Amino acid sequence: MAQTVFLEAINQAIQEEMRRDESVFILGEDIRRAIYGATADLLSEFGEKRVLDTPLSENGFFGAAIGSSLVGMRPIVETLTSFMWVAMDQLISQAAKMRYMFGGQATLPVVFRASMFYGAGSAAHHSDRSYPMFMNMPGLKIVVPSNPADMKGLLKTAIRDDDPTIVFEDGTLFGMRGEVPDNADLPGEELLVPFGVAKVVREGTDCTIVAIGGSVNHAISAANQLAAEGVSVEIIDPRTLVPLDKKSILESVEKTGRLVIADPAHKVCSAASEIASIVAEEGFWSLQAPIQKVASEQVHIPYTPSLEKHVYPDAPKIMAAVKRTLES
Amino acid sequence: MEIDRDTLLLILRRMWMIRNFELKVMEVHSAGEFSGAAHPYIGEEAVAVGACAALEDTDYITGNHRSHGHPIAKGGRVDKAMAELYGRVDGYCKGKGGSMHLADYSIGILGESGILGSSVPVAVGAALAAYIRGDKFVSMAFFGDGASNQGALHESMNLASVWKLPVIFLCENNQYAVTTSYADTVAVDHVSDRASAYNMPGILVDGQDAIAMYEATSAAVARARAGEGPTLIEGLTYRFEEHSLGLGRVARGEYRSKEEIAMWRQRDPLDIHEAKLISQGIATREECDAINAETVAEVERATDFARNSPFPEEADLFEDMWANPIPLP
């Protein structure tokens, strides 16, 4: 097992898939010079035609990626969540809808890698955590990895999947180190994490925390502190939101009777909202306390650290939520 | 340029096929055989047919809401098109797309888009695949004068030009975006003038003349296949009917004068093409009439096919969402 940084895991996944399959190529802004780090050394290995720096034309080049996927290519688009607004028409009107609208004729193996740069003074125009808005739109698969190994394994799966997929890459994790298995130690000698299979990050008996993306580490921190107080927490990381492994969530709630959901997205119609509604509908009789959502406050992301630090889920907020469930 | 007789007659046949398809659609729509939006292509046939006659089956097109003409021009099947309008399982999209979303992936018709300008980047993407792989196919994006104001088109033209992609941007300038005149909304005299901003040829063509469209498109296709990049072609044309079926009953006031409509109806693309074929001795009046009659019969058969095809069942609702299916939420 090698200790690998999150961004290196992204780079490994792209490099391995581009080596494996000539139809895989990558396009985006400033990717040849790898200004975000994830695309380092791709230009020298794969050349200019498969590593394309684009103009600032998200709607144009998202659409070009979509069109190329219809005729046999497997494009990877690198972008930021906040730039996806500029390309919403292509993401929704074309990528999400084409296959169904054309009666199954269209196949779109396109991956959009969207960085979420929140929590670092990037202000309202560069800090979006927008995956819940895309969960609402049928036709897009949605991935939110929380550690380097899942990042690598889920991205490789996304590139091989035949449906349009958005991989939300949590910027608060970019420098995170974690164990990524060496290919030689794996069955099939490669790391593939399947969609729709949640990960039990930690087993426990008193309360379930479903945590998404960067919130998983905060949930682990909260669970460690709660353990010292004698509270046993189970942490579930869904890893993919579409498809969502609701069975694992419901089974955990059946065991613990309590549910906290930690979600860096805005709290209204968040992923947490959807998970809460599923458990309320299908797991109600397991619950011994009201479900607690710990999601971002319903405000824009302020620039100044003194304000921004109050917006997102963190370990103290998650701990407080777990304790509220235990009061009942 | 020298154009062989088969091509000239194929152009005539496809124009008649569109005309008779649309006349039938107007008839059965007003009779209430199906509901939903439909946008007749009558008057504009020479644009799509002339342009698509310059393409191979292995080339790609994308189009817009006025979507019956493009697939028929590219060699699509009228029975599957009509069945789609009727919402039946044997339609091109199994009844899930309808009039505005015809597609036939077996012959490069990547699909029509109801969001205008939105399918242009998609066509650029098909061309991008040709560029990366070194394939020789070309890609053509149909759009109107209205969509020529969309950012998607301008981003696409820039992208295609900087990468020298094999794309033909094919503007069907029928002069009105629903009721709004292009003279009031387009800042240049001709949509084709916009090509200069993207360092590509911009060609203004008489869109009522199928041969002129064929010649201009053939040159653009040759340029694209040679790796010399994209071309913008504007076919100046006119929509003889309303924007969409039934709109005339709800629109307030006239936006096109009767004189203007009458003037353009004098320039019927079928009359123009037939007159050329007959005067040049390529076909007789009787041969032209026979082609018309054959397409009338084929459209009749297509309509019977559509009427006899079943509607999709409830179980079909969730089909075709995913290539790699996932559980329902």
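**Legends to close-up views of the predicted model**

**View 1. Seven strands of chain A build an open sheet with mixed pairing.** In this predicted model, the strand order is β3-β2-β4-β5-β7-β6-β12 in chain A. The edges of the sheet are formed by β3 (51-53) and β12 (240-242) of chain A, each of which pairs on one side only. On average, and with direction ignored, neighbouring strands of this sheet are turned by 20° against each other.

**View 2. Helix α7 of chain A packs on the seven-stranded sheet.** Helix α7(A), residues 148-160, touches β2, β4 (74-80), β5 (111-116), β6 (141-143) and β7 (165-170) of chain A. The direction of α7(A) makes about 160° with that of β7(A).

**View 3. Strands β2 and β3 of chain A pair in the parallel sense.** Strand β2(A) comprises residues 24-28 and is joined to β3(A) over 3 bridges. Within this pair of strands, Val51(A) of β3(A) stands opposite Ile26(A).

**View 4. An open sheet of 5 strands in chain A also has mixed pairing.** The order of its strands is β9-β11-β10-β13-β14 in chain A. At the edges stand β9 (199-202) and β14 (292-296) of chain A; each has a single partner strand, so one side of each is left without a neighbour in the sheet. Neighbouring strands of this sheet are turned by 25° against each other on average, direction ignored.

View 5. Glu234(A) in β11(A) is the bridge partner of Thr208(A).

**View 6. Chain A is shown as a whole for orientation.** Its secondary structure comes to 12 helices and 14 strands. The radius of gyration of chain A is 20 Å, close to the 20 Å that the globule rule gives for 328 residues, so chain A is as compact as a globular protein of that length. The C-alpha trace of chain A spans about 60 × 45 × 40 Å along its principal axes.

**View 7. Helices α1 and α9 of chain B pack with their axes 10 Å apart.** Helix α1(B) covers residues 5-30 and helix α9(B) residues 269-279; the angle between them is about 155°. Angles over 145 degrees count as roughly antiparallel, and α1(B) and α9(B) are therefore roughly antiparallel to each other. Their crossing is left-handed. From α1(B), the contact is made by Leu8(B), Ile11(B), Leu12(B), Met15(B), Trp16(B) and Arg19(B). Facing these residues, α9(B) contributes Pro269(B), Leu270(B), His273(B), Glu274(B) and Leu277(B). By class, the contact of α1(B) with α9(B) has 8 nonpolar, 1 polar and 2 charged residues.

**View 8. Chains A and B meet in a contact that takes 40 residues from chain A and 39 residues from chain B.** On the side of chain B that touches chain A, β2 (109-113), α5 (120-133) and α6 (151-162) of chain B each supply at least two residues. Helix α5(B) gives the largest share of this side, 9 residues. The classes represented on the side of chain B that touches chain A are 24 nonpolar, 10 polar and 5 charged residues.

Definitions and conventions
Residues numbered from 1 in each chain as written. Chains lettered and ligands numbered in written order. Predicted model: local features only at pLDDT ≥ 70, side-chain atom pairs only at ≥ 80, totals over all residues. Contact = placed C-beta atoms within 7 Å. Helix = DSSP H or I, 4+ residues; strand = E, 2+ residues; numbered from the N terminus. Nonpolar A, V, L, I, M, F, W, Y, C, P; charged D, E, K, R; others polar. Axes fitted to C-alpha atoms, helices over the stretch in contact; angles between N-to-C directions. Parallel < 35°, antiparallel > 145°, perpendicular 65-115°, else oblique. Left-handed = near helix turned anticlockwise from the far one by under 90°. Pairing = 2+ DSSP bridges. Rg over C-alpha atoms; globule rule 2.2 N^0.38 Å.
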